Structures are given as structure tokens and as C-alpha cells.
Amino acid sequence: MSPEFTQGQGAAATMEPQPITKVSIIVSKGWLDGVYPALIMANGARMEGIEANVFFTFFGMDAINKARHDAIKVATVGNPGLHLMTWLGGVPGMSALVTRQMMKQMEKLDIPPIPEFLELIADSGGKLYACKASVEMFGLTKDDFIPQVEDIITVGEFYAMAAGGQIIFT
Amino acid sequence: MTTLAAVPRNAEGFLERVEDWDRDIAREIAREAGIPELSDRHWLVVNYMRDTYIATGSAPTIRTLGKESGVQVKELYALFPKGPAKLAAKIGGIPKPKGCI
């Protein structure tokens, strides 16, 4: 072990961990298990008084898309976490069935459906953003999104906004 | 009158015993958390938290709080900026809410 390394380790050990004051969460997936963890973590941050930004990009934008966010489902094809046989996951209606069961379970825990959850986060002071490159790629406008969406921003603007905080990718 | 200094609290400042609570203690905890004066709206939330805990054994979630306490989520965060559910629980003398929501 080099002397520098030992020294570095010692310095790290004596440093007090700083509380998290800001998180910026990136949502890039448009299925239920891509969206919910991000919303739970954003809301949880606000509950602790932590500043929270949520940046929706690629298919993650479905969560804030007025026409689509009611119909976000659990992907049953190619989702090993479900422990379903591959062919069974592709049976028509399977995704809807699994989604319904999961939503029922979440309602028991007082976890709201996605549209209501986004309102809750916005009302809590969490900020919602759409990714400019993705908006252009999919040919969308601000009108396609729920009114709680603060703005359509570039990746550069996202990083500027995230400065000094933690970035979480879900 | 009981004073806050006389009742046992945990490391985070929550009362150890629900029955030690009274309105003066609530005011003292609020002041300690940076709320100099508890308004009627604060009391509405604090009482709802406390009543729910005593009736059900657990604190309401922020979602239920916003829907049923009579104070909506936006106002909850204006009244208790550093996390309404936890702060209202502390002021109400009940344990820290455990859920993720």
C-alpha cells in the first residue's frame, strides 16, 4: 500500500457525511417499474425536505404525457423479475393483468396511480421536466404534457439545475 | 404545565411516550423546528395526525393527509416546509411515520 493511499483513506474516514439536500432523478423507461421507483424516490425526497427534480426522457416521457400516462403497464415480456415463462409473458392481456394486480397492491400501501402521484410531487414542490431532444425526436409539444410539467429543457440545462446535488438514474 | 425538557425524547426529537404530550409541548417543539407560532391550520394538521395515530396505530401518509386533513398538499408544505408528515408527527407527539410514502 503506498503512503499516499493510506493518507487518502485516513482523510476520507475523518470526513463527516453531509446530508443530501437535492436530488435530480432521470426517468428514461416507459413501463411501470421504470416510472414508479423514480416517483417514490422524488416524493420521499420532498417528505424529507430535500429538493427534488424529475427529468423525463425517451419513453420515460410517457409518464407525463396526458394521453399515455394512465395506461403505463408492467412489461411482462423480457422482464426476468416477474419469474414468468417467456411465452406466458407474451400472452395477450398478461401485461394488463399483472399491472392490475400490482396497482391493487400499491393502492393498499397508499401509493397513488401515476397521474395522481405526479400531482402530489408537483404540489410538494418537486419539479418535473421533459427532455428537449426526446420531445423533438417524438414530435411532441408542451401541450402533450400534464400542466405540472415545469419546462422542456436541454441536457445542459438539466446538469446546471442538478449542480450541487445527487443525480439518480432509474 | 409540563415542559419539553422534562419529557423523554429520542435522538431525533420525537417524544418517547404519546401521553406526555400537551399543547404547550407542541408549541415548544414547533419553535425548536423554526415555526414560531402554530396557526389554526397547523393545529388542524397536528390534531389530525395525532388522532389518526391514536385511532389506528400508524400515522397517515402524505397522500391521506392531503386528502383528508382538510389541508391540501401545497399548503402542507407551506406550513411545514421541512417535510409536513414528519414534522407534524413530531409536533403532535407521535412516533416518526415509517412508510416510504
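In this predicted model, Val45(B), Val46(B) and Met49(B) of helix H2 of chain B are in contact (heavy atoms within 4.5 Å) with Ala85(B), Ala88(B), Ala89(B) and Ile91(B) of helix H5. Sorted by class, this contact has seven nonpolar, no polar and no charged residues; Ala, Val, Leu, Ile, Met, Phe, Trp, Tyr, Cys and Pro count as nonpolar, Asp, Glu, Lys and Arg as charged, and the others, Gly among them, as polar. H2(B) covers residues 40-56 and H5(B) residues 84-91, and their axes come within 9 Å and cross at roughly 80°. The axes are lines fitted to C-alpha atoms over the stretch in contact, with angles from 0 to 180 degrees between N-to-C directions. Because angles of 65 to 115 degrees count as roughly perpendicular, H2(B) and H5(B) are roughly perpendicular to each other.

Residues are numbered from 1 along each chain as its sequence is written, and chains are lettered from A and ligands numbered from 1 in the order in which they are written. Local features need pLDDT of at least 70, side-chain atom pairs count only at pLDDT 80 or more, totals for chains, interfaces and linings use all residues, and side-chain values use heavy atoms, with hydrogens and water left out.

Chain A has seven helices and five strands, where helices (H or I, at least four residues) and strands (E, at least two) are DSSP runs numbered from the N terminus. The order of its elements from the N terminus is α-β-α-β-α-α-α-β-α-β-α-β. The C-alpha trace of chain A spans about 65 × 40 × 35 Å along its principal axes.

Between the chains, 15 residues of chain B are in contact with 17 residues of chain A. The buried area, meaning the accessible area (1.4 Å probe) lost on putting the two parts together and summed over both, is about 1500 Å², and carbon and sulfur atoms give 53% of it. Arg63(B), Tyr77(B) and Ile101(B) supply 47% of the area that chain B buries against chain A, more than any other three residues.

Five salt bridges link chain B and chain A, each a side-chain nitrogen of Lys or Arg within 4 Å of a carboxyl oxygen of Asp or Glu. One joins Glu48(A) to Lys86(B), with the closest N and O atoms 2.2 Å apart. On the chain B side, helices H3 (62-68) and H4 (73-79) each supply at least two residues that touch chain A. H3(B) gives the most, with four residues. By class, this side has six nonpolar, four polar and five charged residues.

Over all chains, the whole structure holds twelve salt bridges. In one of them Arg63(B) meets Asp110(A) at 3.0 Å, N to O. This pair runs from H3 of chain B to the loop between H4 (94-108) and H5 (114-123) of chain A.

Definitions and conventions
Parallel < 35°, antiparallel > 145°, perpendicular 65-115°, else oblique.
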